[in-house]
Amino acid sequence: QPNANWQKRPGGDRLQGLAMDNWGKKILLIGGFAAMNEAGESHDLQSQSKARLFDPQTQRWSDLPSLPQPRSSFDIAVIEDSVYVVGGWQLAGTSDGHQWHETAYVMNLNPADGEEMQWQEVARPPFQRRALSVAAVADHIVAIGGMESTGQPTTNVALYDPQSNSWTEAP
């Protein structure tokens, strides 16, 4: 039976709209947004580009290469040693200061000797969505639902195949 007691761990930035997943026994934390305004001031929400890895064995966070651009309200999924970033937008302070992302990225978390970890763009998704769910199923990435750039929710599903670097619509 899992331990039902919460235990405090070393923290990090205060973020919302971030993405988390596990990679083996470690935890990935990528992007999100932070409120940059003081209490009582107008909202100043800024998407972030940080990527970090938490190791429960050492109780330490380590920095990974930052995303190519700040991103929040997106999701990630891990297939073997690769983490995929799909969807989201970039908040830039004001209520109308946002830009929808058209890109998706992958980063190998365990590069070969002499290579560095770096984000690489994959085929562009056939959608612009935020607040979606992304999961690894077998050797594919599934992007489910979310809010479309039109402001409407969707139940659409898209499937990404890393082998062919292509997206298809799914039922």
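The side chain of Ser47 makes a polar contact with the side chain of Ser72, at 2.8 Å. A polar contact here is a pair of N or O atoms within 3.5 Å; within protein, one must be able to donate a hydrogen and the other to accept it, and residues adjacent in sequence count only if both atoms are side-chain atoms. A polar atom of the Ser47 side chain also lies 2.7 Å from the backbone nitrogen of Leu91.

A word on what you are looking at: this is a predicted model, in which local features need pLDDT of at least 70 and side-chain atom pairs count only at pLDDT 80 or more, while totals for chains, interfaces and linings use all residues. Residues are numbered from 1 along each chain as its sequence is written, and side-chain values use heavy atoms, with hydrogens and water left out.

Back to Ser47, then. Is this residue buried or exposed? With a relative accessible area of 7%, Ser47 is buried (under 20% is buried, over 50% exposed, and partly exposed is in between, using a 1.4 Å probe and protein chains only). Not counting residues up to four places away in sequence, Ser47 touches several residues, including Gly32, Phe33, Pro70 and Trp89; contact means heavy atoms within 4.5 Å.

Ser47 sits in strand 4, residues 45-47. Strands (E, at least two residues) are DSSP runs, numbered from the N terminus. Across from Ser47 in strand 4 stands Phe33, and strands 3 and 4 run antiparallel, joined by three bridges. Two strands pair if DSSP finds at least two bridges between them.

Now for another set of strands. Strand 8 (residues 82-86) runs antiparallel to strand 11 (residues 105-108), and four bridges join them. Tyr84 stands opposite Val106 in strand 11. Strand 11 also pairs in the antiparallel sense with strand 12 (residues 120-121), over two bridges, where Gln120 is the bridge partner of Val106.

Tyr84 leads us on to Pro162, which touches Ile79, Tyr84, Asp139 and His140, not counting residues up to four places away in sequence. Pro162 is found in the loop between strand 16 (153-161) and strand 17 (166-170). Its relative accessible area of 23% makes Pro162 partly exposed.
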